[in-house]
Structure formats: C-alpha cells, structure tokens
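Here is a short report for a first look at this protein. Start with the sequence and the model below, then read on.

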Amino acid sequence: MTDAPRQGTGGDGAPKGPTSATVEDAVLNANTAFYNAFEAGDLDLMAAVWLPEPDPVCVHPGNAAISGYAEMMRAWAMIFANTPYIQFFLTDVQVRVDEDVAYVTCTENVLSSGEGAPEDGFAGGKAYATNVFRRTSSGWRLWIHHASPVLSSGGRQEEAE
C-alpha cells in the first residue's frame, strides 16, 4: 500500500493538485538554494537567492549585521575566497508562511576547512538560523539570514528534563 500524494493549498487557499508543490515546499526549495550556493561558494548563485530591495540583512554567527545588497555581496565574496570547504547538515527545519513573507528556522550543523580548522582537517560547529523570505514575481527570495552560534549542548531546557 502506498501513501496518497500530498496535497496542499495555494496562497489563495484553493486546493492544489497532487503533483503541485505547496507554498511551504517552494519556501523550503528557496532555503535549500541558499545553502547550495553557500556550499558551492558561487557568488552568482548566492546573488540570485537574495532579495536586492528593500535592504536585505545578513548576520553570521558572532558578527555584526551586514545591511544592503552590495555590501552583502562583497561580504559573500570574502567568505567564499577564504572558505575552501563548507558543508551544512540541516536539522530541526520548520517553515512558516504568512502571505508574502515566510521564514525557515533550522539548526545548521557545519563542517568546514580553512581558518579555524586544524591543519589538514575539518572543524565542526553548530548555529541556529532564521531565514526570512519574501515572495516576488520570480519566486521566494531571501531577505534576512540570521545565524546564532550554539555554544554548548547543555542548557536550561535540558537541565529541566
């Protein structure tokens, strides 16, 4: 026995057919495009992911916010030039859509080489990210990326359990 195809609704609430992607799927695809561009170190792919206006914002773990499309693209060029390898394993992925704005929260489990990694080795890390998207005529575009480092696995919630 197989599961029935997943059906969703369009932005107008109308049912979509079994082969149509849901709005949530479209947002998750845009989120995946962001991480694919990051892993590939491809500035053209990264530029295509972001919403140029109104001013996008990007906050990398432990850094100040970068505002504005041109400033952000310069920052991505520097990151790509100084990151020989990076790979993301996303967990705890959740999506929320509210008309023309959506956000994805996730845990970024990161494997990288370069600055901060052992010589001839890799470094690992974890960040909690919120990626905010806006719907445009060309699809969902990233407007805000904010990643905060996860410094330890312990915490109040674990202590309470």
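Among contacts in the protein chain between residues at least 6 apart in sequence, what percentage join residues at least 24 apart? The share is 47%. Keep in mind that this is a predicted model.

**Layout.** The protein chain holds 4 helices and 6 strands. Read from the N terminus, the order of elements is α-α-β-β-α-β-β-β-β-α.

**Whole-chain values.** The table gathers percentages for the protein chain.

| Item | Value |
|---|---|
| Buried residues, out of 161 residues | 32% |
| Accessible surface belonging to carbon and sulfur atoms | 51% |
| Residues with pLDDT of at least 70 | 76% |

The accessible surface comes to about 10000 Å² in total.

**Confidence.** The average pLDDT of the protein chain is 83. Residues 1-19 stand apart for caution: their pLDDT stays under 50. For this stretch, the model has 19 contacts beyond four places in sequence.

Look for leucine 151. It sits in the loop between strand S6 (139-149) and helix H4 (156-160). Is leucine 151 buried or exposed? Its relative accessible area is 79%. Exposed means over 50%, so leucine 151 counts as exposed. Now look along the chain to alanine 127, which is 24 residues apart from leucine 151. The C-alpha atoms of leucine 151 and alanine 127 are separated by 8.3 Å.

Methods: Residues are numbered from 1 along each chain as its sequence is written. This is a predicted model: local features need pLDDT of at least 70, side-chain atom pairs count only at pLDDT 80 or more; totals for chains, interfaces and linings use all residues. Side-chain values use heavy atoms; hydrogens and water are left out. Helices (H or I, at least four residues) and strands (E, at least two) are DSSP runs, numbered from the N terminus. Buried means under 20% relative accessible area, exposed over 50%, partly exposed in between (1.4 Å probe, protein chains only). Contact means heavy atoms within 4.5 Å. Accessible areas come from the Shrake-Rupley method with a 1.4 Å probe; for residues, only the protein chains shown count as cover. pLDDT is the predictor's confidence in each residue, from 0 to 100.
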